[in-house]
Amino acid sequence: LDLSRIEAGKLVLDIKPVDFAPVLQQAIQFVQASIDRHGITLTNHCPSSLPIVADATRMRQILVNLLSNAVKYNREGGSITIDCEPAAAGLVRIRVTDTGVGITAENMAAVFTPFERLGAEKTAVEGTGIGLALSRQLAGLMGMQLDLTSRPGAGTTFWLEAPLAGDLDPPAPPSPATSAATTAVITILYVEDNAANLRVMEALFRRRPNLRLLSATNGELALDIARQQQPDAILLDIHLPEMDGYAVLARLKSDAATHRIPVLALSADALVADRERGLRAGFDDYLGKPVVFADVLSALRKALLARGVGPR
Ligand code: ATP
Ligand code: MG
């Protein structure tokens, strides 16, 4: 049901800063009985508080899938280790490692194919082959990457990279002495037709009081907003309905009211050739999807500096 909802673009997520620790605890509780039944030892090395940006329910769903696999495809008396390591700036890598049968290199991609059980259907281990397909889709909707490494015969590590939320407490109001310096707000227009991607970006921007995010879901709307609001920079998705990112860029560049605004492309087509084409067309930068927030921030900073808009 969730998979078909995702395909229809109808799954509604509630993405916001949440503490990862209790979400993980709930997922562990969910599989605790089967862990005990198989004599498996679980060790959790993640911190007792870890603010990330996620939909808590969907995050728990992914963790339950990974943990139940780590039990089902483990050996009797085996172990499961969970750890949280800093990844690229602004990201945490959450890892679930088991001591099970492992997955061969040629089977690695297929574990994410719906209803593919890679021979497990011939064993007593129950399942429908949908857990990982769904987990990867959910991760994508939250702007997270889900992947694995494995040593056949020794075990498997599934990892998930999640954006950190910084401090969970609301930001303190600026004190009068510093407010003059900090009220300079940078306005960014994000042009994106996918509602889930928009929500992820909104959640990430909410933690940055000096950044204001405007959004447009199609090219025409984007051109109107750019003309009227004069954003400091534009993040432009390439795959848009009706007018694509390249067409929007051409219109922005041919209009005296908008031609000076730096425009950064965001696209799932992130091959070197795609990037070169983007830079040739006049984008200030070209970023791959799923979006890595730290990369967006540094690209924005670079583009704004190049145009003489203050580094803030
Ligand atoms: P369910 O829909 O109930 O989750 P499932 O566990 O068979 O069923 P997935 O979780 O999608 O489905 O996993 C797909 C397949 O990948 C499994 O059938 C199994 O063969 C393999 N697999 C998944 N996790 C592991 C793991 N930790 N170690 C070894 N093989 C695994
Ligand atoms: Mg499973």
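**A walk around the chain**

Guide: Let's start at A233: leaving aside its neighbours within four places in sequence, A233 is in contact with T187, I188, L189, I261, P262, L300 and L304. Keep in mind that this is a predicted model.

Visitor: Okay, and where is A233 found?
Guide: A233 is part of strand β10.

Visitor: Is A233 buried or exposed?
Guide: A233 has a relative accessibility of 0%, so it counts as buried.

Visitor: How far apart in space are A233 and R75?
Guide: From C-alpha to C-alpha they are 53 Å apart, and in sequence 158 residues separate them.

Visitor: Let me zoom out. How many helices and strands are there in the protein chain?
Guide: The protein chain has 10 helices and 12 strands. Its C-alpha atoms fill a box of roughly 70 × 45 × 30 Å along the principal axes.

Visitor: And what share of the residues is buried?
Guide: Of the 312 residues in the protein chain, 44% are buried.

Visitor: Which residues touch the most other members of the largest nonpolar core?
Guide: Those are F20, I52, M59, M201 and L235, in a core of 74 residues. Helix α3, residues 56-72, gives the largest share of this core, with 8 residues. Apart from it there is another core, of 22 residues, including L214, I225, I238 and F283.

Visitor: Why would side chains like that group together?
Guide: In soluble globular proteins, nonpolar side chains tend to be buried together.

Visitor: Pick one of those core residues for me. What is I52 in contact with?
Guide: Setting aside neighbours within four places in sequence, I52 is in contact with K16, P17, V18, F20, M59, V92, A162, P163, L164 and A165.

Visitor: New topic: how many disulfides does the structure hold?
Guide: It holds 1 disulfide. That disulfide joins C46 to C84, with an S to S distance of 2.1 Å. The torsion about the S-S bond of C46 and C84 is about 90°, so the disulfide is right-handed.

Visitor: Where do C46 and C84 sit?
Guide: C46 is in the loop between β2 (41-44) and β3 (51-54), while C84 is in strand β4, residues 79-86. The pair is 38 residues apart and links distant parts of the chain. Both C46 and C84 are buried.

Visitor: Where does F115 lie?
Guide: F115 lies in the loop between β5 (91-98) and α4 (131-141). Its relative accessibility is 59%, so F115 counts as exposed.

Visitor: And Q230, where does that one lie?
Guide: Q230 is in the loop between α7 (219-229) and β10 (233-237). With a relative accessible area of 39%, Q230 is partly exposed.

Visitor: Last one: how many positive and negative side chains are there?
Guide: There are 31 positive and 34 negative side chains, and the centres of the two sets lie 3 Å apart.

Methods: Residues are numbered from 1 along each chain as its sequence is written. Chains are lettered from A and ligands numbered from 1 in the order in which they are written. This is a predicted model: local features need pLDDT of at least 70, side-chain atom pairs count only at pLDDT 80 or more; totals for chains, interfaces and linings use all residues. Side-chain values use heavy atoms; hydrogens and water are left out. Helices (H or I, at least four residues) and strands (E, at least two) are DSSP runs, numbered from the N terminus. Buried means under 20% relative accessible area, exposed over 50%, partly exposed in between (1.4 Å probe, protein chains only). Lys and Arg count as positive and Asp and Glu as negative; His and the chain ends are not counted. The place of a charge is taken as NZ of Lys, CZ of Arg, CG of Asp or CD of Glu. A nonpolar core is a set of buried Ala, Val, Leu, Ile, Met, Phe, Trp, Tyr and Cys residues joined through side-chain atoms within 4.5 Å. Contact means heavy atoms within 4.5 Å. A disulfide is a pair of cysteine sulfur atoms within 2.5 Å.
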